[in-house]
Amino acid sequence: MGRKFEEIIEKVKACGKKTVAVSVAQDEAVLEAVRAAKERGIADAILVGDEAKIREIADSIGMDLTGYEIIDEPDMVQASLKAVKLAHDGKADMYMKGLIDSKNFLKSVLDKEVGLRTGGPLSHVCVFDVAGMDRLLFLTDVAFMTYPTLEDKVNIIKNTIPVCRACGVDMPKVAPLAAVEVVNPKMPVTVEAAELTRMCEEGEITGCIVDGPLSMDLAIDKEAAKHKGATDRKIQGDADVLLFPDIHAGNLVYKMLVHLVDVQNGCILTGTKVPAILTSRSDSFETKVNSIALAAVVAEEMKRGV
């Protein structure tokens with residue numbers, strides 16, 4: 001596991017073990033992840049789903065279910081509603097997707113009666129520990145918002161700031177990305193990036209530093225920033241948050257990092273009452289464990305109300 005994620009886990013241990021409610025828990029990969037999270041002192045789990053199948057899978061992987069609360073609900077949709085209600089009612093600190101498909105998982109998150117709505121839009125944050133980098137990278141949004149408007153981007157930034165703080169970055173530098181680092185009226189993404197910068201400078205967005213538009217090299221490579229003479233920029237290769245113009249750009253970068261680079265990462269859905277862990281079936285075991293750890297420190301940050 002990456003060194004920086006080990007530091008996140010140490011933060012979890014310092015604030016106390018959390019509880020994750022798992023929706024449709026009869027999933028081998030998810031059970032392995034919650035077992036590891038429990039063993040590492042990150043979180044206990046309440047397993048909601050088909051109890052017979054949960055026990056069958058646990059037996060096949062040698063998982064001792066002693067100490068786990070299991071709520072038997074064979075119907076997947078009902079299981080998701082019962083699991084999310086635990087988080088809604090404060091009986092769990094975070095909510096995790098199990099075997100259920102993403103569409104129905106998100107329906108439970110957005111349920112008006114027992115879901116995790118806060119009144120604002122949701123967005124997705126991925127935290128990367130990249131080998132050779134001296135800091136964590138926060139990528140948003142790579143999985144949820146497809147074509148964010150200017151207003152959406154403001155909310156994405158606001159949703160991401162508590163995640164940064166939970167990971168020890170008190171004043172994150174946010175880079176609204178584009179293909180170029182200058183405003184071009186024919187490239188609306190650059191105009192919106194400049195507007196986000198203005199809004200931050202004038203106090204409409206607080207708790208971070210926004211500097212855009214920025215090309216990727218100026219955002220993450222200090223040598224490139226120096227070479228291009230970007231000495232007047234607030235961000236000079238030291239961005240913490242990469243704010244993508246759309247889901248295509250974000251998802252492409254995410255998958256390139258995962259498949260080609262030495263990284264560890266964790267992902268959560270934000271803008272919810274408690275963090276929601278929406279991992280993919282293709283995500284690695286460590287990504288699932290890291291995501292639980294990330295959700296745990298964010299849950300603590302949210303509880304403090306800062």
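**Salt bridges, cysteines and backbone geometry**

Glutamate 51 is partly exposed, its relative accessible area being 23% (buried denotes under 20%, exposed over 50% and partly exposed the range in between, for a 1.4 Å probe and protein chains only). The model is predicted, so that local features require a pLDDT of at least 70 and side-chain atom pairs a pLDDT of 80 or more, whereas totals for chains, interfaces and linings use all residues. Residues are numbered from 1 along each chain as its sequence is written, and side-chain values rest on heavy atoms, with hydrogens and water left out.

In total, the count of salt bridges comes to 19. One of them pairs arginine 40 with glutamate 286, whose closest N and O atoms are 3.4 Å apart. Arginine 40 is located in the loop between H2 and strand E2 (43-49), while glutamate 286 belongs to helix H11 (residues 285-304); the contact therefore ties together parts that are 246 residues apart in sequence. With a relative accessible area of 27%, arginine 40 is partly exposed.

A further salt bridge joins glutamate 204 to arginine 198, at 3.1 Å between the closest N and O atoms. Glutamate 204 has a relative accessible area of 39% and is partly exposed; arginine 198, at 26%, falls in the partly exposed class as well. These two residues take part in a salt-bridge network that links Glu195, Arg198, Glu202 and Glu204.

The number of disulfides is 0 (a disulfide being a pair of cysteine sulfur atoms within 2.5 Å). For cysteine 126, the closest cysteine sulfur is that of cysteine 267, and the separation of 3.0 Å is too far for a bond. Cysteine 126 is buried at 1% relative accessibility, and cysteine 267 is buried at 3%.

The backbone contains cis peptide bonds, including one that leads from threonine 140 to aspartate 141, with omega near -5°. Aspartate 141 occupies the loop between strand E6 (137-140) and helix H6 (150-166). The bond from glycine 212 to proline 213 is also cis, with omega near 5°. Here proline 213 is placed in the loop connecting strand E8 (209-210) and helix H8 (216-220).

Valine 24 shows a positive phi of about 60°, although this residue is not a glycine. Its position is in the loop between strand E1 (18-23) and helix H2 (28-39). Valine 24 has a relative accessible area of 1% and is therefore classed as buried.

Definitions and conventions
Helices (H or I, at least four residues) and strands (E, at least two) are DSSP runs, numbered from the N terminus. A salt bridge is a side-chain nitrogen of Lys or Arg within 4 Å of a carboxyl oxygen of Asp or Glu.
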